[in-house]
Amino acid sequence: MRKTITALLALTALTAAGALSTPAMAREPTGVRYNQIPAGAYSIVARVQAKPGQEAALRAATLPLVDLVRGDPKNLVYFLQEDRAKPGHFIFYEVFATVEDFEAHNAMPYVKDWFAKLPTLAEGGVQVMRMEVLGHGRR
């Protein structure tokens with residue numbers, strides 16, 4: 001038992017030392033740049049539920065949106081999530097600087113194509129909450 005604890009402590013120390021010695025370039029932040037999101041940014045939290053038996057088809061139709069939306073220069077943040085306990089239940093989190101940027105996004109052909117597939121894949125379409133990002137100088 002004592003050898004196991006000693007080995008775990010040594011492994012923990014080595015891991016921590018390795019993390020501290022990582023070059024600065026490797027530790028540069030990637031992904032969301034919170035300081036670039038304007039006060040009052042327009043965000044969406046949306047929910048889509050697959051019809052029974054359509055979970056995989058809805059996932060396959062939806063996954064390509066991740067790269068397409070993140071590639072839109074007006075999109076600031078985009079996450080697609082699926083409930084681990086309820087496959088086929090998807091939550092989208094999207095941030096745009098303005099409502100106009102979001103509306104332009106919804107007018108994109110790939111978004112329209114995705115919406116056109118929903119009647120056969122999803123129950124009740126998309127439920128959307130239109131939100132305002134707080135915490136950037138606003139309270």
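User: Which residues have the most contacts inside the largest nonpolar core?
Analyst: This is a predicted model. Its largest nonpolar core has 21 residues, and those with the most contacts inside it are Val48, Leu58, Leu65, Tyr78, Phe92, Trp114 and Leu118.

User: Ok, and which elements each supply at least two residues of this core?
Analyst: That would be β1 (42–50), α2 (55–62), α3 (64–70), β3 (89–96) and α5 (109–121). Apart from this core lies another one of 5 residues, among them Ile37, Ala41, Val77 and Val133.

User: Back to Tyr78, what does it touch?
Analyst: Leaving out residues up to four places away in sequence, Tyr78 touches Leu65, Val66, Val69, Arg70, Phe92, Tyr93 and Glu94.

User: How do β2 and β3 pair?
Analyst: Strand β2 (residues 75–82) pairs with β3 in the antiparallel sense, over 7 bridges. Glu82 stands opposite Phe90 in β3.

User: What about the hairpin, how many residues sit between the strands?
Analyst: There are 6 residues between the strands of the β2 and β3 hairpin, and Gly88 there takes a positive phi near 95°.

User: Switching topic: how many helices and strands does the protein chain have?
Analyst: It has 5 helices and 4 strands. Along the sequence the pattern reads α-β-α-α-β-β-α-α-β.

User: And what share of the protein chain is buried?
Analyst: Buried residues are 26% of the 139 residues. The accessible surface comes to about 9400 Å², with 61% of that belonging to carbon and sulfur atoms.

User: Last one: what share of contacts comes from residues 24 or more positions apart?
Analyst: Among contacts in the protein chain with a separation of 6 or more, they account for 69%.

Key: Residues are numbered from 1 along each chain as its sequence is written. This is a predicted model: local features need pLDDT of at least 70, side-chain atom pairs count only at pLDDT 80 or more; totals for chains, interfaces and linings use all residues. Side-chain values use heavy atoms; hydrogens and water are left out. A nonpolar core is a set of buried Ala, Val, Leu, Ile, Met, Phe, Trp, Tyr and Cys residues joined through side-chain atoms within 4.5 Å. Buried means under 20% relative accessible area, exposed over 50%, partly exposed in between (1.4 Å probe, protein chains only). Contact means heavy atoms within 4.5 Å. Two strands pair if DSSP finds at least two bridges between them. Accessible areas come from the Shrake-Rupley method with a 1.4 Å probe; for residues, only the protein chains shown count as cover.
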